[in-house]
Amino acid sequence: MLGCGSYLPAQILTNADLARKVDTSDEWIVQRTGIRERHVAAPGETTSDMATLAARAALAHARVDAQSIDLIVLATSTPDNTFPASAVTVQAALGITHGAAFDVQAVCSGFVYALATADSLLKSGSFSRALVIGAETFSRILDWTDRGTCVLFGDGAGAVVLDRQEQADQGEERGILTVRLRSDGRHKSKLYVDGGPSSTGTVGHLRMEGKEVFRYAVAMITDVVEDAFEATGYTAADVDWFIPHQANKRIIDGSAHKLGIPPGKIVVTVDRHGNTSAASIPLALNDAVADRRIKRGDLLLLEAMGGGFTWGAALVRW
Ligand code: ACO
């Protein structure tokens, strides 16, 4: 993993702003979710716009040229258009005309799914350097009259650059050590968007049974993280930084507690970003890399759970 970058739209929507739109309060939102504010895309600002800016930041951080990228995997549930994939818009904006670019849709687990996809394609030898991006404009699919959902989400984008490199015979393994993915479609009606090209012909709005999502989240997250530990032989004690999907502070704390990860090792951005779905992990990663909490060689544990349900975890040597 050569570098990372992120982008947040300029406009900030605070809990106090929301309390002027729907019947809610700063106190309720902070207590139930830990969220204080979130960023919202400007009119006309698209998922691919934000993804491109995050990608450029990641390329600069990795000190590599866009032309060296031959694979772009973009995780999003809020693409610019039904098709083509927003990834090809990013590819064109970066001036890349070779290789492949496509979107991955696994809602809040999208970044972990995209990471697994790019990792496998690099390891297969078909590609040599990848941009893995998570980018979302959930503000466009929220029902702004539904206080149960509109207070939870925000917009943004994050990206990492992955490079195919041979593992040295000696020394510690680097990069993506394992990615474990799961899904169970029996839960699809607990968190979904009530529209789509093949069902209603409309974009639709996000609908959620919040209590039900909450009920499953911690167990599913900790289960798949245990898989990642089993696959690598690492334990919670080896983890330097826990970078969870930023859905809700209570889910994050509950998962960390069950895994035995102390609060000081958790990267938390949900208070400032809200839930940015597939963008939340690379946004949090970039935050902790930028302020130098994360150092080269650190062992990172990433995890996410979301609509589907989908869930997954990755162990990464930064
Ligand atoms: N402000 C004030 N009151 C509210 C709000 C609000 N924004 N939203 C709901 N309420 C009210 C409800 O109407 C209800 O009132 P009632 O008792 O008079 O009927 C009361 O608060 C309790 O509602 P619940 O839904 O039971 O509240 P709960 O304590 O479960 O918290 C929440 C709701 C925060 C959504 C919680 O269920 C949760 O965090 N679920 C996880 C959902 C999540 O994180 N989804 C993100 C996507 S999935 C993922 O990324 C993992």
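Lys and Arg are counted as positive and Asp and Glu as negative, with His and the chain ends not counted, and the place of a charge is taken as NZ of Lys, CZ of Arg, CG of Asp or CD of Glu. On this basis the protein chain carries 31 positive and 37 negative side chains, and the centres of the two sets are 3 Å apart. The structure is a predicted model, in which local features need pLDDT of at least 70 and side-chain atom pairs count only at pLDDT 80 or more, whereas totals for chains, interfaces and linings use all residues. Residues are numbered from 1 along each chain as its sequence is written, and side-chain values use heavy atoms, with hydrogens and water left out.

The protein chain comprises 10 helices and 13 strands, defined as DSSP runs (H or I, at least four residues, for helices; E, at least two, for strands) numbered from the N terminus. The radius of gyration, taken over C-alpha atoms, is compared with a globule rule of 2.2 Å times the number of residues to the power 0.38. For 318 residues a compact globule would have a value near 20 Å, and the 18 Å of the protein chain agrees with this. Along the principal axes, the C-alpha atoms fill a box of roughly 60 × 45 × 40 Å.

Of the 318 residues, 55% count as buried (under 20% relative accessible area; exposed is over 50% and partly exposed in between, with a 1.4 Å probe and protein chains only). Among contacts (heavy atoms within 4.5 Å) with a separation of 6 or more, 75% are accounted for by residues 24 or more positions apart.

Helix 3 (residues 47-62) has 16 residues and spans 22 Å from its first C-alpha to its last, close to the expected 22 Å at 1.5 Å a residue; the expected span is 1.5 Å times one less than the number of residues. Its buried residues include Thr47, Met50, Ala54, Ala58 and Leu59. The buried residues of helix 3 pack against strand 1 (3-7), strand 4 (71-75), helix 4 (86-93), strand 6 (129-137) and strand 7 (155-163). Arginine 63, which follows helix 3, has a positive phi near 55°.

Two further helical positions were examined. Aspartate 119, in helix 5 (residues 110-123), is buried, with a relative accessible area of 13%. Aspartate 119 touches Leu162 and Ile176, residues up to four places away in sequence not being counted. Glycine 148, in helix 6 (residues 147-150), is partly exposed at 38% relative accessibility. Glycine 148 and threonine 235 are separated by 87 residues in sequence and by 36 Å in space, C-alpha to C-alpha.
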